[in-house]
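Hi everyone, thanks for coming. I'd like to walk you through a few spots in a structure that may be new to you. Let me put it up on the screen.

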Amino acid sequence: MLKKFTDNLNIVSKLSFKRLWNIFLIQLSYWLTRITKKTIHWGNPFSITIEPTTSCNLRCPECPSGLRQFSRNTGMLDLDLYKSILSQIGDYLMYMILYFQGEPYLNSSFFDFVKLAKKKRIYTATSTNAHFLNEENARKTVGSGLDRLIISLDGIGQKEYSTYRVGGRYERVLDGIKNVVKIKKELKSKTPYIIVQFIVFKSNEHQLDEVRKICDDLGVDELQFKTAQFYNYQNGNHLMPSIDKFSRYRKLPDGTYQFKNSLPNKCYRMWSSCVVTWDGLTVPCCFDKDADYRLGDLKEYPFKSVWKGKLYSDFRKKVFTQRKEIDICQNCTEGMNLDNNKLF
């Protein structure tokens, strides 16, 4: 718990007067919108997700990157585009996630992305399948100043792990975790805060106690259990867990499945954060994996004109009036009371 507290202090340490005032404006306009039912939006995002790449070395069956089924282009984030985004809104940002789709370590500029954000005093996080965390990259990761490293480990043993992480190597993930833990100790660094993320499937739900022990032995900072998202869930999926609290879906008497979230007409993310794809497209959130709702192109327009533009305003209004009609919301966990995150 002390490590978690230290990580939270690290996030809070990124506050400045400008960022604090920006958060106040976001909160005030969000609650005024909820009270008045009129779309009011002040401030800039204090959190942003920027996608280093859509490329990936694995072929996970519920991931458009893994399936190679994107309708949008695949590519790598350009360093100059990243610098442009950072120069426009970096003073307002507290939290940056350098991951959306794909494997971020495939982008050769990844460590530069982290270092530039650190110069702006922005908390940085990424998520990886850990196949590229050899000793050299582990050292670069710690040395870059990355604040949070989320590592996917969705099964214990090669059989269970590769059931979802198709093409992956279980032992290579363990080696990657060990490398980062070792380098952190060697450099006496408090960062990155290492989280092992375990998506609960039917194939691995019997391994919850085992993964707790492994994470304890490895010396990671936190273990998180996560619910799985399925695109076509109505008729079930062989990967759906049988443990109810680790499922986003409930089985109905007729044998079909229903999403647990009632999707109330509200979403704080539309006020506080956004997602930018590798090629500069601004989309509402991480559930728009194929960038279907393109609210602006940062290669053509400045961030402020996109964030305050008509497309964004209209989308926010629809979220507050007709959220159930927005298809990317159909798997959203915003507002759900799922007991899916636990410390080991």
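**Salt bridges and a helix pair**

Okay, let's begin with Lys 202, which counts as partly exposed because its relative accessibility is 42%. Keep in mind as we go that this is a predicted model. The side chain of Lys 202 meets that of Glu 205 in a salt bridge, at 3.7 Å from N to O. Glu 205, on the other hand, comes out as buried, since its relative accessibility is 14% and the cut-off for buried is under 20%. While we're on salt bridges, there is also a network: bridges with shared partners tie together Lys 3, Lys 184 and Asp 221.

H1 itself covers residues 2–12. Are these two partners buried or exposed? Both Arg 148 and Asp 7 are buried. For Asp 7, the relative accessible area is 4%. And if you skip the neighbours within four places in sequence, Asp 7 has contacts with Tyr 123, Asp 147, Arg 148 and Tyr 193.

Now over to helix H6, residues 135–144, where we find Lys 140. Its side chain forms a salt bridge with that of Glu 136, at 3.3 Å from N to O. Both residues of this pair, Lys 140 and Glu 136, sit in H6, 4 residues apart, which is about one turn of the helix. Lys 140 is partly exposed, because its relative accessible area is 40%. To give you a sense of distance, Lys 140 and Glu 334 are 34 Å apart in space, C-alpha to C-alpha, and 194 residues apart in sequence.

Last stop: two helices packing together. H4 spans residues 79–89, H5 spans residues 110–119, and their axes are 11 Å apart at an angle of about 20°. That's why we call H4 and H5 roughly parallel, as angles under 35 degrees count that way. Their crossing is right-handed. Which residues make the contact? From H4 we have Leu 79, Tyr 82, Lys 83 and Leu 86, and from H5 there are Asp 112, Phe 113, Leu 116 and Ala 117. By type, the H4–H5 contact has 6 nonpolar residues, 2 charged and no polar ones.

Methods
Residues numbered from 1 in each chain as written. Predicted model: local features only at pLDDT ≥ 70, side-chain atom pairs only at ≥ 80, totals over all residues. Heavy atoms only, no water. Buried < 20%, exposed > 50% of the residue type's maximum accessible area, 1.4 Å probe, protein only. Contact = heavy atoms within 4.5 Å. Axes fitted to C-alpha atoms, helices over the stretch in contact; angles between N-to-C directions. Parallel < 35°, antiparallel > 145°, perpendicular 65-115°, else oblique. Left-handed = near helix turned anticlockwise from the far one by under 90°. Nonpolar A, V, L, I, M, F, W, Y, C, P; charged D, E, K, R; others polar. Salt bridge = Lys/Arg side-chain N within 4 Å of Asp/Glu carboxyl O.
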